[in-house]
Amino acid sequence: MADCIFCKIAKKEIASQILFEDSRVVAFPDINPVSPVHFLVIPKRHVEGILELNSEELTSIQAAIKIISSLCRDGFRVVNNFGKDGGQEVPHVHFHVLAGRKHSWPPG
Ligand code: 5GP
Ligand code: ZN
């Protein structure tokens with residue numbers, strides 16, 4: 001999608017530190033981290049929400065989370081904000097992976 005910031009990152013039209021990549025997904029640090037470790041995992045294909053992901057993309061997303069979070073020995077949190085009530089700001093589905101501090105519950 002032409003105007004999508006995450007499509008531009010996936011296509012390397014915007015430079016970003018790539019933490020994981022395969023044919024279907026890419027992972028990179030969040031530009032505005034809320035935890036000492038905060039990265040985003042996205043499908044390369046532009047889809048807005050989690051319900052549109054196919055099984056291959058979900059498998060790759062899990063692989064990305066597994067590889068990067070293996071460094072987070074004390075645990076981590078995975079967050080997907082979907083839609084208006086979910087607090088989604090970027091309309092290209094993404095999973096936040098947060099680590100490096102204790103995370104409280106419930107979220108705001
Ligand atoms: P959402 O509220 O949609 O779940 O979260 C969007 C996330 O994308 C935010 O944490 C925000 O900091 C991050 N973000 C927005 N624009 C950019 C960008 O251009 N590059 C990177 N790396 N992260 C971004
Ligand atoms: Zn996109």
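Where is the place of I50? I50 falls in the loop between β3 and α2. The structure is a predicted model, in which local features need pLDDT of at least 70, side-chain atom pairs count only at pLDDT 80 or more, and totals for chains, interfaces and linings use all residues. Residues are numbered from 1 along each chain as its sequence is written, chains are lettered from A and ligands numbered from 1 in the order in which they are written, and side-chain values use heavy atoms, with hydrogens and water left out. Helices (H or I, at least four residues) and strands (E, at least two) are DSSP runs numbered from the N terminus.

**Ligand 1: site and shell**

- Ligand 1 sits in the largest pocket.
- A pocket is found on a 1 Å grid over the protein atoms alone, as an open set of points with protein on both sides within 12 Å along at least five of seven lines; a molecule sits in a pocket if more than half of its atoms lie within 2 Å of its grid points.
- Two elements give two or more residues to the shell around ligand 1, namely α1 (5-10) and β2 (25-29).
- The element that gives the most to this shell is α1, with 3 residues.
- Ligand 1 is surrounded by 16 residues, and the closest are D30, N81, E89, H94 and H96; a residue is near a molecule if one of its heavy atoms lies within 4 Å of it.
- By residue class, the shell around ligand 1 holds 8 nonpolar, 6 polar and 2 charged residues.
- In this division Ala, Val, Leu, Ile, Met, Phe, Trp, Tyr, Cys and Pro count as nonpolar, Asp, Glu, Lys and Arg as charged, and the others, Gly among them, as polar.

- A polar contact is a pair of N or O atoms within 3.5 Å.
- A nitrogen atom of ligand 1 lies 2.9 Å from a backbone N or O atom of P29.
- An oxygen atom of ligand 1 lies 2.6 Å from a backbone N or O atom of E89.
- For H94, a polar side-chain atom is 2.8 Å from an oxygen atom of ligand 1.
- Of the 520 Å² of accessible area that ligand 1 has on its own, the protein covers 82% (Shrake-Rupley method, 1.4 Å probe).

- I50 and N81 are 31 residues apart along the chain, and their C-alpha atoms are separated by 9.0 Å.
- L51 lies in the loop between β3 (37-43) and α2 (55-69), and L51 is exposed because its relative accessible area is 74%.
- From L51 to C72 there are 21 residues in sequence and 27 Å in space, C-alpha to C-alpha.

**Other loops and backbone geometry**

- K12 lies in the loop between α1 and β1 (20-21) and is partly exposed, at 46% relative accessible area.
- Although K12 is not a glycine, K12 has a positive phi of about 65°.
- R24, in the loop between β1 and β2, counts as partly exposed at 33% relative accessibility.
- R24 and G83 are 59 residues apart in sequence and 23 Å apart in space, C-alpha to C-alpha.
- The W105 to P106 peptide bond is cis, with omega near 5°, and P106 is in the segment after β5 (95-99).

Notes:
A polar contact is a pair of N or O atoms within 3.5 Å; within protein, one must be able to donate a hydrogen and the other to accept it, and residues adjacent in sequence count only if both atoms are side-chain atoms. On a 1 Å grid over the protein atoms alone, a cavity is a set of points where a 1.4 Å probe fits but cannot get out, and a pocket is an open set with protein on both sides within 12 Å along at least five of seven lines; lining residues have an atom within 4 Å of a point. Buried means under 20% relative accessible area, exposed over 50%, partly exposed in between (1.4 Å probe, protein chains only).
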